Amino acid sequence: MKKIALMLLLTGVSASVLAEDVRVAVAANFTAPVKELAPVYEKATGDKLVLSFGATGAFYAQIKNGAPFDILLAADAKTPAKMVTEGLGVQGSTFTYAIGKLVVWSADANFIKDEKSLENPALNKLAVADPRLAPYGEAAMETLTALKLKEKLEPKFVVGGNIGKTFQFVKSENAQAGFVALSQCYKNGAFTSGSGWVVPQSLYNPIRQDAVLLKAGEKNEGAKRFLEFLKKSPEAAAVREAFGYGSAQ
């Protein structure tokens with residue numbers, strides 16, 4: 001009852017409102033957090049979240065070609081802004097739902113100590129996300145450029161189409177280490193496995209992850225409810241913090 005009251009307070013709707021299916025395109029780095037939030041939200045509202053995970057750039061192309069998503073939870077701020085400009089997103093609906101953090105991570109608990117681990121001769125393969133599609137890949141390139149290591153390490157790159165695939169390269173040990181989202185290997189103040197170096201945020205531009213209500217979801221009240229939940233609820237704030245995200249609020 002408490003959660004239902006919270007949702008009604010956030011949305012200003014009556015208890016008799018019909019539940020909706022809400023189709024959400026989710027940046028791969030936010031997979032684990034949104035999977036934790038989904039059952040909480042669905043129980044509180046009766047809405048059903050239909051979640052798809054992938055690269056922000058790939059979702060943009062799909063939506064532009066008519067993919068029927070109601071919401072995009074992007075891994076950057078520029079894609080939602082561009083969607084609004086191009087008429088694919090609803091004016092005034094964008095907001096920063098999380099600030100992502102970059103980490104160099106290895107499945108080996110002893111492999112990564114600090115930035116010097118990137119120059120370890122045992123590092124033969126370094127996983128990175130495609131910077132043309134994934135903002136975390138772009139941040140990885142900015143970091144390597146700042147450290148003056150990009151040219152040296154480029155021959156060792158194993159490139160994933162999104163940050164989820166990049167993480168799998170490292171988790172399966174097909175790459176000794178990789179630049180991944182902190183949320184993929186961290187929870188409640190510690191790495192869940194392996195070893196990592198949290199990249200100082202001074203080495204890359206802030207990864208502001210914005211949400212946008214898409215035109216296909218403009219009349220979907222469930223989509224609006226979920227965005228309010230993500231923006232304002234204590235449950236969403238707690239999950240973001242647990243997975244190591246920063247907050248814009």
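Let's start with a term: a residue is called buried when its relative accessible area is under 20%, exposed when that area is over 50%, and partly exposed in between, using a 1.4 Å probe and protein chains only. By that rule F167 is buried, with a relative accessible area of 11%.

Before going on, a word on what you're looking at. This is a predicted model, so local features need a pLDDT of at least 70 and side-chain atom pairs count only at pLDDT 80 or more, while totals for chains, interfaces and linings use all residues. Residues are numbered from 1 along each chain as its sequence is written, and side-chain values use heavy atoms, with hydrogens and water left out.

(Helices, H or I with at least four residues, and strands, E with at least two, are DSSP runs numbered from the N terminus.) Leaving aside residues up to four places away in sequence, F167 touches W105, V180, Q184 and C185, where contact means heavy atoms within 4.5 Å. F167 and F179 sit twelve residues apart along the chain, and their C-alpha atoms are separated by 8.0 Å.

Pockets and cavities are both found on a 1 Å grid over the protein atoms alone: a cavity is a set of points where a 1.4 Å probe fits but cannot get out, a pocket is an open set with protein on both sides within 12 Å along at least five of seven lines, and lining residues have an atom within 4 Å of a point. Grid points are joined across faces, edges and corners, and a volume is the space filled by probe spheres set on the points.

The largest pocket has a volume of about 270 Å³. Of its 17 lining residues, A28, T31, G164, F167 and Q184 are the closest to the centre. Which element gives the most to the lining of the largest pocket? That's α7, with four residues. Sorted by type, the pocket lining has six nonpolar, ten polar and one charged residue. Here Ala, Val, Leu, Ile, Met, Phe, Trp, Tyr, Cys and Pro count as nonpolar, Asp, Glu, Lys and Arg as charged, and the others, Gly among them, as polar.

**The cavity**

How many cavities of 30 Å³ or more does a search of the whole structure find? The search finds one. About 50 Å³ of space lies in the largest cavity. Its lining includes A27, A28, N29, G54 and A55, along with Y136 and I163. That lining divides into eight nonpolar, four polar and no charged residues.

**The cores**

In soluble globular proteins, nonpolar side chains tend to be buried together. A nonpolar core is a set of buried Ala, Val, Leu, Ile, Met, Phe, Trp, Tyr and Cys residues joined through side-chain atoms within 4.5 Å. The largest core here has 58 residues, and I71, L73, Y97, L118, L126 and F179 touch the most other members. Take L126: not counting residues up to four places away in sequence, L126 touches L118, L153, K156, F157, V158, A175, A177, G178 and F179. There's also a second, separate core of twelve residues, with L72, A74, V212 and L214 among them.

**Salt bridges**

Side chains of opposite charge can pair when their charged atoms come close. A salt bridge is a side-chain nitrogen of Lys or Arg within 4 Å of a carboxyl oxygen of Asp or Glu, and by this rule the count comes to eleven. Here are some of them:

| Salt bridge | Closest N and O atoms |
|---|---|
| K150 and E154 | 3.5 Å |
| E218 and K215 | 3.6 Å |
| K232 and E228 | 3.1 Å |

K232 and E228 are four residues apart in helix α8 (residues 221-232), so about one helical turn separates them. K232 is partly exposed at 47% relative accessibility, and E228 is partly exposed too, at 21%. In the K150 pair, K150 is partly exposed at 28% and E154 is partly exposed at 39%.

**Two positive phi angles**

K148 isn't a glycine, yet has a positive phi of about 60°. K148 lies in the loop between α5 (135-146) and α6 (150-153), and is exposed, with a relative accessible area of 73%. N188, also not a glycine, has a positive phi of about 55°. N188 is found in the loop between β9 (186-187) and β10 (190-191). Is N188 buried or exposed? At 61% relative accessibility, N188 counts as exposed.
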